[in-house]
Amino acid sequence: MTQTAKTRILVVDDDESVINILRRLLKKHGFEIIMSALNPSQALHIMETAENPFHLVISDQVMPEMEGTELFKKVKEISPDTRRILMTGYQNFQAAVEAVNEGAIHQYISKPWTNEDLLSRIRYELDLYEKVREREQFLRLTRHQNARLFKLAKTEKDKDKSFKRQIREKKQKRAELARKVTELENKKPFEKNVFELYSLIRGNIVIHRESLSRTFRLIKEEVDDLICTLCREKGLPEPDPVKNPKADLEEQSPESGKDDRYEAVDLILQYAGRNAEPELYAYGKTLLQEFETGQYSRVPDIGELAVNEGHINEEDLEKASTELASRRKDEPALSMDRILNEKGLISRLELSRLYIKSKLIAIRIGDTLAANELRTKDLVSEQEITRAFIRQANLFLERGTCVSAGDLMAEEGVIDEPTRKLYFTERAEEKSEADARPAAGKNPDTGEETETETERFGFHISEDRTEASINPDMQERQSTSAEEIIEFLQQQGIRHGIVEEKLLHGFLEYSREENRNFIAAIGRKPVEGENARITYYFDTDYQRPGEIADDGSIDFKERGEIPFVKQDLLLAEKSPMKQGTPGLDIFGETIPCRDVSDCTLAGGPGTRMSEDGLQLYATVEGQPTLDPRGIVSVHKEFSIKGDVNFKTGHIDYQGNVTVSGTVKEGFRVTCVDLTANGITGGVIETSGDLNVSEGIVDATVKVQGNIRAKYIQDSVIEVFGDLSVTREIMESDIASGGQVLNENGKIMAATVAAKKGLILGQVGTEKTGKSIIKAGVDEHIKRLSAGYDRRIKTCEEKVRDHEAGKKKIEGKIFELHKQAADLSFAHESKKREVEELKEQFAGLKGKKDRMIELKKQIKAAEQVMEQYDTDVKSIFKSQDILMKDVEEQEKRIEKASSEAAELRDEKEALEEIARQDKPEPFIKINKSAISGTQIFGPYTSMVVRYDLRPCKIIEIESTDPDDPEDRKLVTQNL
């Protein structure tokens, strides 16, 4: 039997025909346990006598005895978890709202209903019922487990107290011993001079944890040998002597009159260190080879160094290189380190460390060349050079200091100052100058000119550096070997794609065409990718212009051909982006390919997406639309004959709405496209276009598409697209993300902002207030973003309030836990007391008075235990109530957090659309603009000082070389 078949439903209605209809509908869709009642009393009796609770109760509102809302209040008392759906007519709307607010009902359905809507709501409520039951079962299990864990925690806590007491005692003893040791040490200061053992170690190894550990073992072995020698000299059996430190000890004994205990220790350490030095030096040379700066023959760039240091991988570097190459066209000064930092791959601190490491590598390369010369000329020993490099490594590891090995050798007296300047300073300057000269024409190994070889071999590299060709003359071909050509190519820095030696040999040996270029090295050209694109199978640019009458009104009956689609028709299709493949030039450098961009195929109401997310189909017949966010929808049209007023109420429709009359004051219309005769004091929100035959007066309008109207007065307008007005705009505040078109009308005492510019007739009159015109300013997006910020802030405040409420409730629950635990321990204590009294009672014979007294004590103790049980049950009940409150707070937190996240995503998407759509700061005036009119551009502003005739106002960049950032508004006569 399915879960649907097990569901228990009660239907209550005084109309038997309605009950029969509902029973047939529910039976048809798999619901088998359906009971019915013709009045509220019968329904309550059924619920009170039922063995199992009902999952759902559906009731009519108007019935004899009591209304459905009153019935549900009693149903809630009998079975709080049962879901409750009220069926009502429009006249009972207020009662239904009150019942929802009081928690008596979960859903209400207006008569007549649609079967699809009713079944959808029933299944939704049944799902909630199962979730609530599962949560309660989980909470019961959790409470049981918590009780067991509490007992276990109590036992462990007692053990923990014992351990902590023992630890405190041990710490006290240790502190006392430490105090005594300090007192003894203070009596005779320790001489810390260990005969430069520190310098000996630091000059022989690169200091790491592992190297220090090995050094410790080496010196310890030497100390052990020395102690054994001393012991032998005291009369112990002597092994074959290997060393004789006695002479050293006698030779360097301290002066008489001094306490020689510590100096003797110094002598032992000095002797041990000196004996360990050869092995330390050998070990240090190995460590120095492993020090990472020694692996470089040239200074790596930041990207390569970041890979070698483990901050990024090769894939990250390749992506960063590709982005750097593509962006350098617009930003020539852009560097790799900035790209890595922008992408979050390397922090600024890590970059700083890489710069220092790069500096050390540069110094180390120069030092190595200088040291080789010194070594060749026998001016410095191998051991002294190695020690200088070891000190250089340690200074960098310890302090981040980059010091030349030449400076260190001069400091130690290994070389004199003239030698240091000659080999380490002047040679380094010469190398820097050589590096600064163009590399072309130089052999990187010998430094000799190779220009003649270039001419000799007819060497040429293609512009994209993916091909290198040779064309030696016939004589050279006969006298040149393939090995020479390959060596020459390698000297030019070519590392990739050199052809096989046998092919080169064949060309040199058999080719007789003098003008034939032979491709000696070939790279890999990049394969460009393709951007994702969307193909729409309906007219996305369709607009319903209507016909403009002589008086400026618009007749939207003449709309031309309106796009119309049938169910299951393909609306749009996405072609996925294809990533390109980077190339590789003959020098081994990556050739980036152009970045490709993705796009989103998004469907709204009336559409369905294919499983692969690449096709969008219509689910209903209607008009297809593409909104500014790129969302495709299909909408049916809802027509209202007459006005939107008290007869119709507010209009909230997920489709297009046509109003033959006027949207009256105080009423709201929310839809996709709205076509109306007029708007007077209404609130309009559309995700599509707004078309008004007459005017918009004293209204608040937010439109994501375009607006067309005859006139606008005393209104606040926010429109994502264009605004077209045939006559006046008076005393209104307008923000448009597109163009404002008022070519033959007038703007009077209004503020009008348009991102894509304005085409106006007359701005201002002598009798009206001054107007403010803003061009190229995205005032609309600013307002929308500010609105999103306010809503996000409200959600975040709700989250904080609910979290504070939850924390407060959890504090109460914790206090109840403590009370329950205390009662539990008291109960156990009382239980042991009862058992002891019963044992005493059992041992009494013939002592009647004592037995009576014990009986009274046992009874009193048992009563106390019962009271403890009662109190614990009361605490558990209170905890259950509080746990429900916690769940409610968690639901509210989740809801507010989700809402805030959705708002942030919507805001980000909106701002991204705005960033992609570039502003157009221009104002075209067809008739005139009176003095005093304020004009604003994206970066500057002006006040019209005298009346303007037909003209165009634009914002231009400054031509002043001293102030290139300055901009200004200029007027061009038409």
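**Aromatic pairs, loops and a charged patch**

Tyr536 is partly exposed, with a relative accessible area of 27% (buried means under 20%, exposed over 50% and partly exposed in between, with a 1.4 Å probe and protein chains only). The model is predicted, so that local features need pLDDT of at least 70 and side-chain atom pairs count only at pLDDT 80 or more, while totals for chains, interfaces and linings use all residues. Residues are numbered from 1 along each chain as its sequence is written, and side-chain values use heavy atoms, with hydrogens and water left out.

Searching the whole structure gives three aromatic pairs. One of them joins Tyr536 to Phe538, and this pair is edge-to-face because the ring centres are 6.1 Å apart and the planes stand at 75° (rings pair if their centres lie within 6.5 Å, and planes over 60 degrees apart count as edge-to-face, under 30 as stacked and the rest as tilted). Phe538, the partner of Tyr536 in this pair, is buried, since its relative accessible area is 11%.

Another pair is formed by Phe646 and Phe667, whose ring centres are 5.0 Å apart and whose planes stand at 90°, so that this pair too is edge-to-face. Strands are DSSP runs of E with at least two residues, helices are runs of H or I with at least four, and both are numbered from the N terminus. Phe646 counts as exposed because its relative accessibility is 73%, whereas Phe667, at 9%, is buried.

Asp698 has a phi near 50°, a positive value in a residue other than glycine, and it lies in the loop between strand E27 (695-697) and strand E28 (700-703), where its relative accessibility of 47% makes it partly exposed. Glu731, also not a glycine, has a positive phi near 45°, and its place is the loop between strand E33 (728-730) and strand E34 (733-736).

On the surface, Glu899, Glu902, Asp905, Glu906 and Glu908 gather in a patch of negative charge (patch residues have over 30% relative accessible area and no salt bridge, and like charges are joined within 9 Å). Asp905 belongs to helix H23, which spans residues 848-916, and this residue counts as exposed because its relative accessibility is 53%.

Key: Patches are made of residues with over 30% relative accessible area and no salt bridge: like charges are joined within 9 Å, nonpolar side chains (Val, Leu, Ile, Met, Phe, Trp, Tyr) within 5 Å. Accessible areas come from the Shrake-Rupley method with a 1.4 Å probe; for residues, only the protein chains shown count as cover. A salt bridge is a side-chain nitrogen of Lys or Arg within 4 Å of a carboxyl oxygen of Asp or Glu. Lys and Arg count as positive and Asp and Glu as negative; His and the chain ends are not counted. The place of a charge is taken as NZ of Lys, CZ of Arg, CG of Asp or CD of Glu. Rings of Phe, Tyr and Trp (its six-membered ring) pair if their centres lie within 6.5 Å; planes under 30 degrees apart count as stacked, over 60 as edge-to-face and the rest as tilted.
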